[in-house]
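Subject: Structure for your files

Hello,

The structure is below, followed by notes on what was found in it.

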Amino acid sequence: MQNYAVQINKQGDHMEANVITMPVGNFATNCYLVYDDNNVGVIVDPGGEAKKILEAVEAYKLDIKAILLTHGHCDHLAAAAEVQEALKLPLYIHPDDVEELKRCREEALEFGLEEPKGAPNVTDSFQEGQILKFGALEFRVLHTPGHTPGGVTLVCGAKAFCGDTIFRASVGRTDFPGGDQRRLFTSIQNKIYALAEDTILFTGHDAKTSVGYEKRNNPFVRGK
């Protein structure tokens, strides 16, 4: 079993969420296994390679309670149906991206990605400001549209899982159907940059970053 990067940060007298980062699929999408000290957790963006994800869940002895999707693009959910079926999990996505999710097979063929084994079953939907609890973990939902209409950022303590809204010194594409550059920049400025500067941003691709770094260095959206 391959060892994946596990980040554990202490906040005050309690332990923050543990995070395993697993790049999956042809686009090296970051799939995250997020869990508490009792190994209760969730899977964020199972974008491909279901077998690898399931093997990691078993190897780390995780009690996974849900799949959380930051948005509806195929490269972030290609393994969702298979993982959902194997672990009998609820799946959350913002309602504005449900139609995008249903096009996952078409998108996979168009972009040469791993073909999903059907679309996952959407059982639950995100709402702005919603608090989701899984074990000792709490995720606050921020609706951050722009890359897609239903993009969300999931804030868990001093960590935020932001999908393709923002990257280190970059931002998400807005040239796909449903993309909107103005909404993207507004989401970053008003939602993500409103978080504490030491908040770690776990992005949909490539390396993580922080709110403070992006406010000072992102060439597309500077902090006020």
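**Notes on the model**

H71 lies in the loop between β7 (63-68) and α2; helices (H or I, at least four residues) and strands (E, at least two) are DSSP runs numbered from the N terminus. The model is predicted: local features need pLDDT of at least 70 and side-chain atom pairs count only at pLDDT 80 or more, while totals for chains, interfaces and linings use all residues. Residues are numbered from 1 along each chain as its sequence is written, and side-chain values use heavy atoms, with hydrogens and water left out.

H71 is buried, at a relative accessible area of 2% (buried means under 20%, with a 1.4 Å probe and protein chains only). Beyond neighbours within four places in sequence, H71 is in contact with H76, L77, I93, D97, H147, T148, G151, G163 and D164 (contact: heavy atoms within 4.5 Å).

Helices α1 (residues 50-59) and α2 (residues 80-87) pack at about 35 degrees, their axes 9 Å apart (axes are lines fitted to C-alpha atoms over the stretch in contact; angles run from 0 to 180 degrees between N-to-C directions). A50, I53, L54 and V57 of α1 meet E82, V83, A86 and L87 of α2 in this contact.

Six strands make an open sheet with mixed pairing, ordered β10-β11-β12-β13-β16-β17 (strands pair if DSSP finds at least two bridges between them). At its edges are β10 (131-134) and β17 (209-210), each pairing on one side only. Strands β12 (residues 152-156) and β13 (residues 159-163) pair in the antiparallel sense over three bridges; A160 in β13 is the bridge partner of V155.

Regards

Key:
Buried < 20%, exposed > 50% of the residue type's maximum accessible area, 1.4 Å probe, protein only.
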